[in-house]
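This report looks at how two chains meet and at the spaces around them. The sequence and structure come first.

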Amino acid sequence: MAEYTCLVVEDSPMMRQLITFALSRIKNLSVVEADDGVDGLKKLAQGRFDIVITDINMPIMDGLKLVKRIRSDAIHKDVPIMIITTEGAEEDRQRALLLGANSYITKPIQAPQVISKVKELLKM
Amino acid sequence: MAEDNKREGKSEDPLNLTAKREEFLDNFFKRGAHFTTELLGEIDSLRKRVSNLSDENANLQTHLASDDAIRDLLTTIEKLEEDKHKLRTRMKDADNENRNYIDRYAVVEAELDGMANLYVASFQLHGTLQPEGVLSVLDQMLMQFVGAASFAIFLRQPADGTDLLIPVHAFHCDSVKGTTVPWNQGIIGESAATQVSHVGDPSISRGGDEPLACIPMVLGNETVGVIVIFELLEQKEKFVEIDYELFKLLALHSASAIVGAGLFSKTGGIAASLNEYKRL
């Protein structure tokens, strides 16, 4: 049984698959996928997660709103959040970090970078 | 003299003889005592010398023993130095080997990363049979995998005289909408006609209407269309190795995915498509 659980919130199936593939290389980590912010919140309510990875630009509920909601959630308010986005501007990064994200990676992603950041946030 | 006196018939005075004897004995004993004293002194001196020599001998033996110990220590040190040198050499070899493994691991990691990108891209591209789905996958590939900020997909349109390339999808480049590109004209037209990709240097040409990259989509020997990238995302400074691999994949697989999805939508679904195989 996996020791850690990660929630990946990403509207692009291609990116979800790529991120999940990268995360599969981390031992004791299982991944749950969500299509957008609302789906992410539903999945969060159903379980306990050790880390959340989310995109910013998503339909229905974007990643920044999701970060805000997670930070006000009683169970998951302290969970590490990593943003993976195409938005590379410094102000986007600052806004996400101010809202409570712990890490900010821009696309296109490099799997080793994602793996290393996740391990760092999980203190593995 | 006594003999002389005897021969001459003279007799010596007995008192005188006694005195002489006494004197002789006295001298004799005195000399004996002196000789004995001297002998005792000499014996004492010799005893001291023997004692000194014994001490000296003991000292020399101690020196000799310590010399042996030092020699043994030096031999041990020499052996240890040799061992240290061997260990250092082995450590250096192990270090080099380790560095070599780390380098190879990084290469394998990069290759695995690239293969994962290609696998996911190919999987998604052939995972849909709807034209909109194919365009959506191409859209995601270009934006999320390559890091393109503005791009368009042109498809070949047969026309009288010369073929045209018409944009069927444009992302953040409204200027291409409604335009057509004549076959074999400009960078886009030439890329389509020659079936040769054009990949520029993003550091030289960044932004504008000039194509940064043109990837012709080819099925068999026919050009189906061209993927044109105009601009990269702010954080994407240059094309990397995996981008060129993705371009190769796009050139081959996107053409078949586009044509396949087009035909599929025309035939009327999976059942109708499978009917085609009955004729075989």
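## The enclosed cavity

The lining of the largest cavity divides into seven nonpolar, no polar and two charged residues. In this classing, Ala, Val, Leu, Ile, Met, Phe, Trp, Tyr, Cys and Pro count as nonpolar, Asp, Glu, Lys and Arg as charged, and the others, Gly among them, as polar. The lining residues are Leu18(A), Phe21(A), Ala22(A), Arg25(A), Ile109(A), Ala111(A), Leu112(B), Asp113(B) and Ala116(B). Two elements give two or more residues each: α1 of chain A and α2 of chain B. Helices (H or I, at least four residues) and strands (E, at least two) are DSSP runs, numbered from the N terminus.

The largest cavity holds about 40 Å³ of space. The whole structure has one cavity of 30 Å³ or more. On a 1 Å grid over the protein atoms alone, a cavity is a set of points where a 1.4 Å probe fits but cannot get out; a pocket is an open set with protein on both sides within 12 Å along at least five of seven lines; lining residues have an atom within 4 Å of a point. Grid points are joined across faces, edges and corners, and a volume is the space filled by probe spheres set on the points.

## Basis of the model

The model is predicted: local features need pLDDT of at least 70, side-chain atom pairs count only at pLDDT 80 or more, and totals for chains, interfaces and linings use all residues. Residues are numbered from 1 along each chain as its sequence is written, chains are lettered from A and ligands numbered from 1 in the order in which they are written, and side-chain values use heavy atoms, with hydrogens and water left out.

## The interface

Chain A puts 19 residues in contact (heavy atoms within 4.5 Å) with 22 residues of chain B. The two chains bury about 1,800 Å² between them, 59% of it on carbon and sulfur atoms. Buried area is the accessible area (1.4 Å probe) that two parts lose on being put together, summed over both. In chain A, Met14(A), Gln17(A) and Pro108(A) lose the most area to chain B, together 36% of what that side buries.

Seven residue pairs are in polar contact between chain A and chain B, both at pLDDT 80 or more. A polar contact is a pair of N or O atoms within 3.5 Å; within protein, one must be able to donate a hydrogen and the other to accept it, and residues adjacent in sequence count only if both atoms are side-chain atoms. On the side of chain A that touches chain B, α1 (13–23) and α5 (111–121) of chain A give two or more residues. α1(A) gives the most, with six. That side has nine nonpolar, seven polar and three charged residues.

## Salt bridges

One salt bridge crosses the interface (a side-chain nitrogen of Lys or Arg within 4 Å of a carboxyl oxygen of Asp or Glu). Arg25(A) and Glu109(B) form a salt bridge at 2.8 Å, N to O. Over all chains the count is 21.

The largest pocket holds about 660 Å³ of space. Its lining has 28 residues; Gln110(A), Asp113(B), Val240(B), Glu241(B) and Ile242(B) are the closest to its centre. α2(B) gives the most to this lining, with eight residues. By class, the lining has 12 nonpolar, six polar and 10 charged residues.

The second largest pocket holds about 250 Å³.
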